[in-house]
Amino acid sequence: MGATGHDVILKLEDVSKVYSGTVAVKRANFEVRKGAVNVLVGENGAGKSTLMKIIAGVEQPTAGRILLDGDEVSFSSSGDAVSRGIGMVFQELNLFGNMSVAENIFATREITNRFRKIDRKAQERRAAEFLERLEAGIRPDMLVEDLRIGQQQLVEIAKAVSLDARILIMDEPTSALSAAEVEILFKVIADLKARGVAIVYISHRLEELIRIGDYITVLRDGRITGQEEMKNVDTQWIVRQMIGSDAKDFAKADGHVAGEEIFRAEAICLPRATGGLAVDHVSLSLRAGEILGIYGLMGAGRSELFDCIMGRHGQATGEIFIAGKKVRERDTTRRIRRGLALIPEDRQREGLVSILSVASNLTLASLSRFVRLFHISGADERQAVTGMVRELAIKVADPAQEVSSLSGGNQQKVVIGKALLTGPKVLLMDEPSRGIDVGAKADVFRTMRRLSRDGLGILFATSDLDEVMALSDRIAVMSNGKLTGMFDRAEATEAAIVAASAFGHGPVPHTENKAHD
Amino acid sequence: MTDIPAKAAVSSASRGSVLLTLMKARTFIALIAVLVFFSIAAPNFLSAANLILMSKHVALNAFLAMGMTFVIVTGGIDLSVGSIVGLCGMVAGYLVLNGIDLQIGYTIYFNVFEIALITLLVGILIGAVNGLLITRLNVAPFIATLGVLYVARGLALLSSDGRTFPNLVGKPELGTTGFGFLGAGRLLGLPVSIWILVVVALGAAYLARYTPLGRHIFAVGGNERAARISGVRVNMVKMFVYMFSGFCAAIVGLIISSELMASHPATGESFELNAIAAAVLGGTSMSGGRGTIGGTIVGAFVIGILSDGLVMMGVSSFWQMVIKGLVIIVAVVVDQAQRRLQQRVTLMQMAKAG
């Protein structure tokens, strides 16, 4: 198949998108071809999702043109794009947890009888057809919130497929899927392709892309750095376009020896609202100066484990110890005082108070350090802020600036700085490199190395295999809330880690119900 | 928006930043506008006596609005302040007239200072009830304080069977005299209530800027989850703001009873709405996280001067309501426009920079 084998159906010309604080996409030119899988790849925060949201009408470009079948179009809403035959599977699930699978699939396109009453039977019948193709064992009358994350992702895919779109955008559709589910998805994609649907496929998993892609476009820092037919490229080429050099800039281990045990968790459990356990008897220990990576798919329970450790869930059970001493405090405030600090996964929702200044955000968790009697000493606070800005190389003109005006990477550094100012002994980092640019990523990794050298214990959760392999002294793997593997770096292989992370996935018996009360 | 040529965009950006500065100063501009307007339109408006009288009116709303500001900054609302004003007035009146009967043949009478303290405690206590409902029982602030609004008003009416406690002069032999000082007394030529307002306002502004608690109030309103993860005791912060709001309401209850030398159980009806209006006019964002004590005080002055000025001009009270409503709506519309403009200016500046 040559480049002439597929017609261009959609074309972006010089499209830019500026948010307050960041330029997400800069003058991008992008072509989508019919009957083919158009792969879009790039680091976290490279602008892929933004570009796709522009195509799907969720966001409007700040500048540039969109050509559909050669005619200039502008979508004022996603409904607009849907009516033109463009569907999207969103990375963050856009489902209504309180409604049934069928209701979700037909949301805004409800099948009604002639009295405008929703025809529930017909909806469930049609939904069942789509779900059948995905072989997911999901009944259309189930509530979405009762499904596993992976199954929810399949519902999202079924919803997009049901649109009968000419262009289907899939933004990391496999992030929460097990290996078996990925195979089914690929079958569905092949089927769609054969029917002439143009598929835009975004993923981080290079092996996946090379397998199913026909055309590849690489984004870096909002710019398109390469566009090729897939058969002409190899992994090396993709990586080079993505990060500008042959390998990621993981800070090297410096060979320091880990010290005494600084943190231990024993039998941490967290019941799930829908029954079962979100965190299932997880025990692990961490030594001073050690980096322990926790690998797992989306929904494996990594974030929930961190939440339990930080005391964010009253109903969590289990015990934690810091430097051998049991932590009896149950609330976050006092656990921070005992030397725990969390860098949450979702910067916007949990990491930052976006309308406050960089300085106020940095010192938010450690204000008591700057207080004389009840007065915040401005001089001490400024000193700490400038010190941290320098230490973490936060690019900010004036710390009094609102934190939302910074780029993602610098925002992440502010979150890290906030945690460090509390003087932690144990640092919990949940996806510390998500959504930040390559330079900031390298800075974050270097900071992790430096902190571990200084004797901090670091627990970090990630779904990026390269990252966990390159940074960890030991690797723990979680799946379905359980700890399913623990490897020393020397003996860890990608295959073993992936296998452990898929443990208990696949068609899950729905009668699984182990409430350990 | 996408097809504006680059040059036009740049010049509109600089025009935008001038407009932005004007919009940011809108409450001040509004204050100056009403002052200028009424000094021309209303005779005697600028006389010292009238200015002091107006300040006394404004002070009442300003107290409530300060408490309200902290509550709104945390993302809540306090509808109960008007009722707390009424109930606290009744508490003070009751104590002056009747003291507390111990049921064993003795009755304790308190001096004025003690009565004021007890009344303030009652206000704080009712605020604490609001806080507990919201933090412990997870009742939405709107509903919790609406409930307390009715309960407190009902209690105020029950305390006297709906009658007024008249003539709170007190008896010298019981040491209950001097209640009028708060409302009618003067220090250095200014009414006592104004001095109290100055002290409380400075205290509140200091709290907001220079104490951890103040910082935490803004953090909770800006992003409650992030605040919690950062170790902010969110529940304690919320308890504080409702208790402070109750405290401010109690002050107002005391001042009004003292001014009238009588306590009426219906005092303070719909005061909560004036307080919210002042806070919003002063730039407090109803979605939380933004607001200043200074802005709120200016807002209270705009509303107060507007209504007093209109009265002096002889505008009917029906029209007054219409005008007040319009001013509030315009204030919020301008506020929204400012946010949008601010974003645009930032974007343009960034686009220009790179």
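**Figure 1. Transmembrane regions listed by UniProt for chain B.** An unreviewed UniProt entry gives residues 27-46, 58-77, 83-100, 112-133, 179-208, 239-256 and 317-334 of chain B as "transmembrane region". UniProt positions follow the numbering used here, feature names are shortened, and the annotations may be inferred rather than shown by experiment. The model is predicted: local features need pLDDT of at least 70 and side-chain atom pairs count only at pLDDT 80 or more, while totals for chains, interfaces and linings use all residues. Residues are numbered from 1 along each chain as its sequence is written, and chains are lettered from A and ligands numbered from 1 in the order in which they are written.

Figure 2. Residues 58-77 of chain B are 80% helix and 0% strand, with 21 Å between the end C-alpha atoms. Residues 317-334 of chain B are 100% helix and 0% strand, and their end C-alpha atoms lie 26 Å apart. Helices (H or I, at least four residues) and strands (E, at least two) are DSSP runs, numbered from the N terminus.

**Figure 3. Chain B as a whole.** Chain B contains 14 helices and four strands. Its radius of gyration (over C-alpha atoms) is 23 Å, close to the 20 Å that the globule rule gives for 354 residues, so chain B is as compact as a globular protein of that length. The globule rule is 2.2 Å times the number of residues to the power 0.38. The C-alpha trace of chain B spans about 85 × 55 × 35 Å along its principal axes. Of the 354 residues in chain B, 44% are buried (20 or more other C-beta atoms within 10 Å of the residue's own, with C-beta atoms placed from the backbone).

**Figure 4. Chain A as a whole.** Chain A has 17 helices and 22 strands. The radius of gyration of chain A is 24 Å, close to the 24 Å from the globule rule for 517 residues, so chain A is as compact as a globular protein of that length. Along the principal axes, its C-alpha atoms fill a box of roughly 70 × 55 × 50 Å. Buried residues are 48% of the 517 in chain A.

**Figure 5. Contact between chains A and B.** The contact (C-beta atoms, placed from the backbone, within 7 Å) takes 30 residues from chain A and 24 residues from chain B. On the side of chain A that touches chain B, helix H10 (332-337), helix H11 (347-351) and strand S18 (375-376) of chain A are the elements that give two or more residues.

Definitions and conventions
A residue is buried if 20 or more other C-beta atoms lie within 10 Å of its own, exposed if 12 or fewer, and partly exposed in between; C-beta atoms are placed from the backbone. Two residues are in contact if their C-beta atoms, placed from the backbone, lie within 7 Å.
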